[in-house]
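The entries below follow the order in which I looked things up.

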Amino acid sequence: MSSKIKKEKIPEFFASLYYELASLNYQLYIDVAKEISHEFIPENEAFIILDIGAGPGFLMAEIAEQRPIAKLYGIDLTRKWSEYLQQNKRQLDFCLADINFLPFPENNFDLIISTGVLHALRGPEGALNECYRVLRSTGKAVIYDPIPLSHKTGTLSLENRIKGLIYKFYKKIFPGHPKYLPPEKARDIIAHTKFIKGKIESRIFENQNYLKIILEKC
Ligand SMILES: C[S@@+](CC[C@H](N)C(=O)[O-])C[C@H]1O[C@@H](n2cnc3c(N)ncnc32)[C@H](O)[C@@H]1O
């Protein structure tokens, strides 16, 4: 694994701070989990789901609330997240792994989910092709990635201002880290993957705008 790829991860010393910040925004995970469950996970099917770049596992935990019979796996490069996931009362599987080299066989998952990861990847096409490989033929990937609210659609909350300041600090340490993925760039990335169908929508959760990317194998 190249050192370049490793840099995408949240540094271990930053994980506790990220955890606190993401907790402030916990409603986001509840809302996204409800949306994903409603749209993509049948209630009576034991779906096998992978969260790529799972972080502290908030989305996984909320999907498990919505769909108790689903089997959830999360992967991430930050070791610290496994501690948080172990504290969760549900059985959430965590694996320390790189999205670019998923440690799973082909045709393994019904659904891949992700929040806030795509824009940070240095090789998103390769990572999405790994998703393609491990998805079943009927499988889908649903990827949410934050984009800025337009000036017309809202003002920044205090919470988002604080996050902005912390982000500036983060950028100083990791200057190569891109802030967000413009929709046209997302479209271009999708066009360079093996996915047959790719749809991009715009969603607002908790005063934050998101690209919602739905990828299908067939
Ligand atoms: C902004 S955080 C989002 C975490 C979580 N999905 C959430 O919404 O709270 C991005 C996560 O992606 C992980 N990550 C980045 N690049 C990765 C890679 N190549 N393989 C695995 N995880 C990666 C980081 O370590 C980090 O936990």
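I first looked up what the buried residues of α4 pack against: α2 (12-24), α3 (26-40), β1 (48-52), β2 (71-76) and β4 (109-115). I counted a contact where two C-beta atoms, placed from the backbone, lie within 7 Å. Helices (H or I, at least four residues) and strands (E, at least two) are DSSP runs, numbered from the N terminus.

The model is predicted: local features need pLDDT of at least 70, side-chain atom pairs count only at pLDDT 80 or more, and totals for chains, interfaces and linings use all residues. Residues are numbered from 1 along each chain as its sequence is written.

I then checked burial in α4 (residues 58-66) and found seven of its nine residues buried, among them F58, M60 and I63. Buried means 20 or more other C-beta atoms within 10 Å of the residue's own; exposed means 12 or fewer, and partly exposed lies in between.

Next I looked up the sheet, which is open and has seven strands in the order β3-β2-β1-β4-β5-β7-β6, with mixed pairing. Pairing requires at least two DSSP bridges between two strands. I noted that β3 (93-96) and β6 (197-205) each have a single partner strand, so one side of each is left without a neighbour in the sheet. The twist averages 20 degrees from one strand to the next. I found α4 packed on this sheet, its direction at about 175 degrees to that of β2; axes are lines fitted to C-alpha atoms, for helices over the stretch in contact, and angles run from 0 to 180 degrees between N-to-C directions.

Lastly, I noted that β1 and β4 run parallel and are joined by three bridges, with I49 opposite L111 in β4.
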